[in-house]
Amino acid sequence: MSTDRSTGPTSGSNGRSSTDLGEPTVRVHVNGMTRELGATSTTSLLRALRSAGLTGTTGACEQGECGSCSVVLDGALVCSCLVAAFTCDGRSVTTIEHGVAADLGDALERHGAVQCGFCTPGMVMAATTLLDRCDGALTRGAVTEGLAGNLCRCTGYRGIIEAVLEVDGLRRNGA
Amino acid sequence: MRRVGTSVRRPDVAAKIDGSFVFSNDVTADDELYGATVRSPHAHARIIDLETSGLAADPEVVCVLSIEDVPGARLVGHIVADQPVFADGVARYHGEPVAFVVATTQEAAWAAADRLVVSYGPLPVLHDPERALDPASPRLRAGGNVVRRAHLRRGGDVSGAPVEVEATFHTARQDQAFLGVESALALPDADGGVTLRLATQDLHTDQHQIAAALDLPLDKVRLEMAGIGGAFGGREDITLQIHLALAATVTGRPVRTTYRRAESFLAHPKRHPARLHYRLGAELDGTLRYVYARILLDGGAYASTSMPVAGSAAYFAAGPYRVPAVDVEATSVCTNNPVSGAMRGFGAVQACFGMESAMDLLAAELGIDPVELRRRNVLAPGDAFPTSGQPVGDAAPLAELIDRCVELPLPQRADPDDPYALPGGTGNTSTAANVRRGVGFALGVKNHLYAEGMQEEATATVVVDATGVEVRSAASEVGQGVVSALAQIASDELGGQEVRVAGAHSDHGYAGSSSASRATFVSGGAVRDAAGEAARLLRARVAQRWSVPEAEVELRPTGVLVRGELLPLAIVIGEEPIAATATFLAPSTERGDEHGQGSVHVSWMFVAHRAVVDVDAQLGLVKVVQVATAQDVGIAVNPRAVRGQLDGGIAQGLGLAVMEHLQSVEGVVANATFTDYLVPTTADMAATEVALVERPDPAGPFGLKGVGEPPVLSSTPAIVAAIRAATGRALTRVPVRPEDIVGTS
Ligand code: FES
Ligand code: FES
């Protein structure tokens with residue numbers, strides 16, 4: 001926990017933008033749009049994004065253990081809770097708000113991969129990265145390993161894994 | 001086409017996938033303030049002084065609230081009001097709220113909460129539930145440390161059988177570990193009341209407790225459901241609701257907070273740790289003669305739901321078996337450990353681990369196959385339930401569950417070249433030569449709905465207006481899919497019309513909690529009746545306006561068919577919406593007599609699990625390869641959602657079997673992070689095979705049964721039985737740790 005009194009408002013999207021308080025900010029390319037994000041010394045990228053109204057990225061632990069805060073930073077899947085916002089100046093971030101591939105969304109729905117949905121945006125980011133990056137066909141083991149950093153407390157993962165395998169198969173068959 | 005019975009798309013799925021779904025921590029308001037809870041670092045301590053003056057000069061701090069600021073009832077509770085809104089002179093568990101700091105930013109609130117100086121005078125910590133029973137131990141509550149002793153007796157002697165086994169088992173404290181940590185926003189209302197936008201399992205029980213503490217009439221406490229990131233019993237009790245509501249009324253501004261993970265671990269009640277002593281007696285052919293059990297539940301510092309949990313542990317202590325003589329007792333005691341309360345399975349999980357482990361001992365003693373031993377003893381239609389004597393009726397398809405479960409395909413041998421398949425995974429620690437496979441089997445039983453004389457009911461309203469059909473209910477969508485079920489049910493009653501489900505609100509009439517596998521059952525019943533009535537009113541109106549007999553009016557998915565002409569809803573309804581409200585009453589139950597005998601349950605849910613594990617006995621590593629299950633679901637309202645409940649419940653049962661243990665060291669929680677409290681990941685989770693056994697329950701709307709809890713009942717003992725089979729170890733404790741397998745503990 002921070003006891004740094006200078007820690008500014010990084011929660012809330014009530015229009016009290018960080019610049020109003022003269023706080024340090026960074027310019028980040030978020031989903032192709034340049035945005036100014038509040039970035040004190042202790043603001044995580046997760047909190048900076050959520051404060052800017054991008055609340056699709058959730059955060060279940062803020063300790064790098066659950067993957068619910070997954071975003072893509074300069075092409076790499078990261079836990080945004082572990083990235084200091086001030087290190088993101090000029091970098092590119094892709095969040096769930098960028099959109100979900102229709103085939104993946106459809107497969108997740110059909111396989112019952114969503115219950116409470118709190119893990120889902122992070123799962124989608126991880127699954128998207130996995131599907132986009134793999135060279136050969138994804139094996140069940142590779143999907144299991146690829147999603148092992150994303151906790152889900154509701155579904156038992158079966159539907160999620162099946163959905164990713166199905167999408168990979170269909171994409172490979174040019175469907 | 002009827003929608004009940006089909007895997008329709010859940011209405012919230014698109015928003016949950018694209019990230020636009022609004023969870024309780026996404027809700028904000030203009031001009032909002034933020035709260036932070038000051039919590040006791042001690043498990044038991046007097047509060048000597050709360051020094052707030054140091055914060056007075058901080059421009060970011062708006063106020064600090066403590067017990068003195070509570071205008072109404074200082075004690076609240078889910079069932080009995082025994083838990084102070086803030087520690088009242090004494091803190092009784094680690095993490096008990098002492099004060100609530102309100103500031104202009106969340107970070108400032110946390111920082112101020114850290115700086116608040118509280119002087120404590122440590123008191124002796126009663127952390128051993130066995131010692132809580134000792135008359136010489138300090139009394140933590142008026143009336144003694146026993147919160148409830150549920151003693152059930154039926155039949156004759158519980159000794160002297162030709163074959164007897166006896167053992168003691170332990171189950172650990174398990175956390176619900178829902179991913180969406182507690183968060184809410186409280187808004188002051190112009191009439192002096194307050195509106196909360198929050199995530200809870202039970203709007204109305206929260207509303208009563210908030211109103212009592214704030215000394216407000218019920219109608220001035222308005223609760224609107226925001227998206228819930230999982231619950232599993234962990235949102236039955238008050239955590240931040242009253243603190244926020246109080247802060248909003250005191251400051252006149254919106255106030256919100258979101259707990260952090262470590263705080264969430266401390267804040268909500270968890271699954272009771274249990275010590276289970278069992279003695280089973282049987283004939284030489286394996287026929288059970290008696291079950292004797294003594295179950296001790298560590299209830300922690302306050303009552304929460306300990307009373308019904310003790311009842312549940314006792315009533316399910318003899319499993320789903322025909323047993324002529326039963327003497328079982330479950331006792332929940334008060335300690336200075338974290339508060340225990342509701343978690344999926346609610347006392348029946350612990351009892352199931354004890355009873356099924358004892359059944360396996362009996363099977364070994366008799367040299368009978370464990371599945372065969374169960375076949376010889378399971379309840380059949382017409383039998384009496386072993387602990388209550390209540391007739392089980394026809395809806396007890398246990399023999400079929402066993403058959404269907406063991407018929408499910410077994411997994412292949414692990415591929416020795418696939419590191420993902422071996423215990424230890426890609427750590428590459430195990431070699432195939434050291435891995436032994438084991439198979440285990442277990443049965444589970446629990447009631448659905450509240451029990452022991454609590455009247456079960458739910459109210460819902462169905463409104464048909466020019467824009468369509470809307471269901472209004474206070475039922476909590478915790479992820480299980482009740483919104484989908486309610487829409488399916490209403491749609492069927494209204495000729496296949498599209499139905500939307502309004503956000504749950506305390507104004508929508510009582511629905512009770514999304515717990516006890518009851519939400520779809522009771523609110524589904526209310527929606528069926530309300531939608532049926534709305535359909536009747538709609539037909540009557542059309543019949544009258546178009547001067548046709550009612551029999552010639554047909555509701556269709558896209559409108560109303562009158563003499564071959566399809567009229568759109570907008571034309572039929574015009575400016576006069578139709579609204580119908582219905583209350584569904586489940587069959588009533590009674591309190592048991594002095595021996596706990598009587599019709600204490602509405603009916604039961606039964607389940608079978610078979611687990612296959614691979615164990616590296618040298619390293620103590622376990623890979624749960626597969627869990628197969630056959631579950632009695634009445635009818636599957638939405639088969640895909642039912643499968644999701646089964647898979648997810650098995651994951652939690654697997655967690656309790658081999659991973660999950662929230663540790664309290666002399667009352668102080670030692671592992672309140674996801675680094676140290678391990679929940680199953682994709683790499684830990686087993687493959688599942690599922691058979692749904694649909695035998696309509698006469699008590700349920702359309703014959704449905706609850707489905708949420710059975711998956712966590714017997715999955716745990718089945719997995720542990722499989723590890724015993726692979727290792728030959730006795731394994732009397734869950735979670736099973738590597739040292740239990742390699743024998744160093
Ligand atoms: S919130 Fe970032 S990993 Fe959990
Ligand atoms: S759906 Fe609830 S955590 Fe994954």
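Let's start with chain B, where six strands line up as an open sheet in the order S9-S17-S16-S15-S10-S31, with mixed pairing. Strand S9 (146-154) and strand S31 (733-734) of chain B sit at the edges, each pairing on one side only. Strands here are DSSP runs of E, at least two residues long, numbered from the N terminus, and two strands pair if DSSP finds at least two bridges between them.

Before going on, a word on conventions: this is a predicted model, in which local features need pLDDT of at least 70 and side-chain atom pairs count only at pLDDT 80 or more, while totals for chains, interfaces and linings use all residues. Residues are numbered from 1 along each chain as its sequence is written, chains are lettered from A and ligands numbered from 1 in the order in which they are written, and side-chain values use heavy atoms, leaving out hydrogens and water.

Now for strand S1 (residues 33-39) of chain B. Seven of its seven residues are buried, so the strand is largely enclosed by the rest of the structure; buried means under 20% relative accessible area (1.4 Å probe, protein chains only). Leu33(B), Gly35(B), Thr37(B) and Arg39(B) point one way, and Tyr34(B), Ala36(B) and Val38(B) point the other way.

| Strand pair (chain B) | Sense | Bridges |
|---|---|---|
| S1 (residues 33-39) and S14 (residues 255-258) | parallel | two bridges |
| S1 (residues 33-39) and S7 (residues 97-103) | antiparallel | six bridges |
| S15 (residues 274-282) and S16 (residues 288-298) | antiparallel | nine bridges |

Residue by residue, Tyr34(B) has Arg256(B) as its bridge partner in S14(B), and Gly35(B) has Val102(B) in S7(B). Over in the sheet, Gly281(B) stands opposite Tyr290(B) in S16(B).

On to chain A, which splits into domain 1 (10-97) and domain 2 (100-172), with bounds from an automatic or database domain assignment. Their C-alpha centres lie 24 Å apart. The contact (heavy atoms within 4.5 Å) takes 16 residues from domain 1 and twelve residues from domain 2.

The two domains bury about 1100 Å² between them, with carbon and sulfur atoms giving 64%; that's accessible area (1.4 Å probe) lost on putting the two parts together, summed over both. Strand S3 (residues 70-73) of chain A gives the most to the domain 1 side, with three residues.

Conventions:
Buried means under 20% relative accessible area, exposed over 50%, partly exposed in between (1.4 Å probe, protein chains only). Helices (H or I, at least four residues) and strands (E, at least two) are DSSP runs, numbered from the N terminus.
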